[in-house]
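Dear colleague,

I am handing over the structure we spoke about, and below it you will find an account of what came out of going through it. Please read the notes with the coordinates open beside you.

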Amino acid sequence: MKIPLKYTLRNFKSRRLTTAITVLGIALVVFVFAAVLMMAHGIQKTLVATGSQDNVIIARKSANGEISSIIVRSDYNTILTLPHIAKSSEGKPLISGETVVIINLPKRSGGLSNVCVRGVALEAFTLRPQVKIIEGRMFTAGAREIIVGSSIAKNFEGAGIGKTVEFGGNTWTIVGRFDGGGSAFDSEMWGDNDQLQDAFNRRGGYSTVTFKLDQPDAFNAFKAAFDREPRLQQFEPKPEQTFFAEQSENMTLFIRILGIFITIVFSFGSTIGAMITMYAAVANRTVEVGTLRALGFRRRSILSAFLSESLVIAFIGGVFGLLLASVLQFFSISMLNFQSFSELEFSFALSPSIIGWSMFFSLTMGLLGGFLPAVRAARLNIVNALRSA
Amino acid sequence: MRVLKLIFKNSLRHKLRTSLTILGLAIAVMAFGVLRTVLDMWNEGVEAAAANRLIARQAVSFIFPLPYSYRDKIAKIPGVETVSFANWFQGVYIDKNNFFARMAVDPETFFSVYPELLVNQKEFETFKQERNSCIVGAEIAKQYGFKIGDVIPIEGDIYPGKWEFVVRGIYQPRDKSTDATQMLFHWTYIDERIKQDMPGRAGQVGWYIIKIKDPAQAASISEQVDALFKNSPNATKTETERAFTQSFISGLNSLLQAMNFVSFIIIGIIMLVLGNTMIMSARERTREYAVLKTLGFSAGHLVGLILGESLLIAALGAGLGLLTTYPIVAGISAVMPKGFFPYFFVTPTTIILGASAALLVGFTASIFPIQRALRTRIVDGLRFLG
């Protein structure tokens, strides 16, 4: 016969403080666990959103990021001869040689940080339809004008429209603000490629080259043609999405490893907390357990009653922790991505798998914490249990 | 003395519970220690910076180079002892996972501005004479098994092409906080090849390292350096090495703050575990406390009993936790790539912080049960049923 769940729930009332403390302990662990996974997921999501499926980016094979890649003009011209590069309605190839540099700007929260400045051709806007001007206007080709991503405008001092920024021996006027649709472009400044190359003494050298494929599935065909070209052996084409997703690898790995180590250790603390609570619950209810057994309840029922008590505690703790963590979705963080060495804004992102893992994690804590005490309760001898007072 | 004995006996009454609590505390304190060590790792680079070194870099961003010609101009400023320079070479050794700092430096002056990099004189002389030679840090020499005479092939990215360097020396770190994971080679060797391949980029220096005679003059010399080049296309930004390193990690501020926050959540969890145990123990002993009061023991005795037990358990847990921090940190630093994390060791501050946190937890955890024990009237206490 099963012991009704009501018995379990009523028990919480009689020892409110201890139960609340245990729930809180588990909630804290689940909160940290979920927050860490959400942070890593947020970075990944932002960088994956940066690349489009049917764009290809070419960079130097050995380069870790865009800033350490160099493609000189003659190599760019060789790339232009390759097949599968999409053309616009006017027959111009949809390709953008881009120069990526980093400049220092003061953050609103204090200190300097690195901002990625991208010199683009007008084709860049066709290649990245997610980038839209939301305030002001486009930069004029041939003028020292730049447009800034919405995160830059938000997080950096003096990055509003009409303001000027000094770099490369010139004064640049900010003429527009663009929205990058939650991608890493939100954390960049864009300007005319020729002007930027000029200012940074990089004439004739791009950092990377991005183009659109003429058919979405033509990447392998393109890569085969690319690999046959002996002059391009130092370079490597990658789907844009893969390229940017790789930019998040080091950072997310670091956060995940550190975070999971911390939470596993934390969870020991909380499991022990749950164990202490459950042992006390068993010790205090020895007479009750004896009575239940005398009434005819089986050892198995006692075991499952105590186990479900601890699982309910863990469940409540897990839900509570997840609720706390889900509030984090409203916050975004701007920090240095050490792979691209520039500032990146991202928000904490919850995913069904994070919810699943967090609940699994908290129930495991409850199960481990409750198992030994439940076994002790189930193994009590009826007579001795009734006699202990 | 009697109270001490009672405290001791009390804590042994529920051996299982007490040992579980101590274990929980120990694990949490250990986690706290490891986390603080990771945090310290970032700050250690700042600590290692010398006060008599200034770094001059391109004002816009350190990714832009400065002309080599600045060297003599800086050297003429009074108070400047030595001017050295370096270039961030980066490149790839075998594959991208083998990361360590690779820099092109001035062989004559670099080691004199960084006296904490110890090279033996004979190795140093050979290094100076051979253009394509390099000196590697002891840490990476150990990790990759580099020996004198080995050739290290590097695939260039910022400096495109295939490069080869012959190991002519291995430097030892002078202090614990010295970075022993760098690979250093001749700037002229790189520059000569760049002159042929990309003439526009020749004669460029990544940053200048300026050793000054008197650290007190740091601010005024920095200003003088920057004033020299203010109106040129390559303006400089000069600051102490410490400020320079600090600006490097400031980008990671949010992450560091999050970790700092988490390390304090740990303390919260310790508090919950110990608090829970103390509340339970005190609750079970409600009747005993009433008996003690009846026998004439004062409130002070009760406070001493509960607080003492709480502190005893906290101290045992913290002690165990701090002891285990060392092997855990050693284990982590053994598996982590040295090139990424050159400064990974437990600092005394971590130990002090961990110990005082445990002490604080011991105090706080006893507040609630003490309050309860003092408030309960003798009659109610004697009547109390578990």
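**A loop residue in chain A**

His84(A) counts as partly exposed, because 19 C-beta neighbours lie inside 10 Å of it. Please keep in mind here and throughout that this is a predicted model. His84(A) is placed in the loop between helix 3 (73-80) and strand 3 (95-106) of chain A, and its phi is near 70°, which is a positive value in a residue other than glycine. Ile94(B) lies in the loop between strand 3 and strand 4 of chain B, and it is exposed, with 11 other C-beta atoms within 10 Å.

Helix 3 of chain A also holds Ser74(A), which counts as exposed, since it has 9 C-beta neighbours inside 10 Å. Between the C-alpha atoms of Ser74(A) and Gly356(A), which are 282 residues apart along the chain, the separation is 52 Å.

Chain A contains 13 helices and 14 strands, and its C-alpha trace spans about 95 × 45 × 35 Å along its principal axes. Its radius of gyration is 30 Å, whereas a compact globule of 389 residues would have one near 21 Å. Buried residues make up 50% of the 389 residues in chain A, and of the contacts in this chain with a separation of 6 or more, 84% are accounted for by residues 24 or more positions apart.

Chain B, for its part, has 14 helices and twelve strands. The radius of gyration of chain B is 30 Å, well over the 21 Å that the globule rule gives for 386 residues, and chain B is therefore more spread out than a compact globule. Along the principal axes, the C-alpha trace of chain B spans about 95 × 45 × 30 Å. Of its 386 residues, 42% count as buried, and residues 24 or more positions apart account for 82% of the contacts in chain B with a separation of 6 or more.

**Domains of chain A**

Chain A is divided into domain 1, made of residues 5-48 + 249-387, and domain 2, made of residues 63-233. The centres of these two domains, taken over C-alpha atoms, are separated by 46 Å. Their contact takes eleven residues from domain 1 of chain A and 16 residues from domain 2 of chain A. On the side of domain 1 that touches domain 2, the elements giving two or more residues are helix 2 (16-50), strand 13 (332-337) and strand 14 (342-347) of chain A, and strand 14 of chain A gives the most, with four residues. By class, that side of domain 1 has four nonpolar, five polar and two charged residues.

**Where the chains meet**

How many residues of chain B are in contact with chain A? There are 47 of them, and they are in contact with 48 residues of chain A. On the side of chain B that touches chain A, at least two residues each are supplied by helix 2 (15-47), strand 7 (151-156), helix 9 (241-250) and helix 10 (253-284) of chain B. Helix 10 of chain B provides the largest share of that side, 16 residues, and the residues of the side divide into 27 nonpolar, 16 polar and four charged.

**The core and a helix with a buried face**

The largest nonpolar core has 209 residues, and those with the most contacts inside it are Leu25(B), Ala31(B) and Tyr208(B). The largest share of this core, 20 residues, comes from helix 2 of chain A. Leaving aside residues up to four places away in sequence, Tyr208(B) touches Ala56(B), Leu66(B), Tyr70(B), Arg71(B), Ile74(B), Val83(B) and Phe85(B).

In helix 7 of chain B, which runs over residues 187-197, the buried residues include Trp187(B), Ile190(B) and Ile194(B). Seen down the axis of this helix, its buried residues fall within an arc of 70°, so they line one face of the helix. What covers them includes strand 3 (80-88), strand 4 (101-105) and strand 9 (182-186) of chain B. The face of helix 7 of chain B turned away from the buried side carries the exposed residues Thr188(B), Glu192(B), Lys195(B) and Gln196(B).

With best regards

Note on methods
Residues are numbered from 1 along each chain as its sequence is written. Chains are lettered from A and ligands numbered from 1 in the order in which they are written. This is a predicted model: local features need pLDDT of at least 70, side-chain atom pairs count only at pLDDT 80 or more; totals for chains, interfaces and linings use all residues. A residue is buried if 20 or more other C-beta atoms lie within 10 Å of its own, exposed if 12 or fewer, and partly exposed in between; C-beta atoms are placed from the backbone. The arc is that of the directions from the helix axis to the C-beta atoms. Two residues are in contact if their C-beta atoms, placed from the backbone, lie within 7 Å. Ala, Val, Leu, Ile, Met, Phe, Trp, Tyr, Cys and Pro count as nonpolar, Asp, Glu, Lys and Arg as charged, and the others, Gly among them, as polar. Domain bounds come from an automatic or database domain assignment. The radius of gyration is taken over C-alpha atoms; the globule rule is 2.2 Å times the number of residues to the power 0.38. A nonpolar core is a set of buried Ala, Val, Leu, Ile, Met, Phe, Trp, Tyr and Cys residues joined through C-beta atoms within 7 Å.
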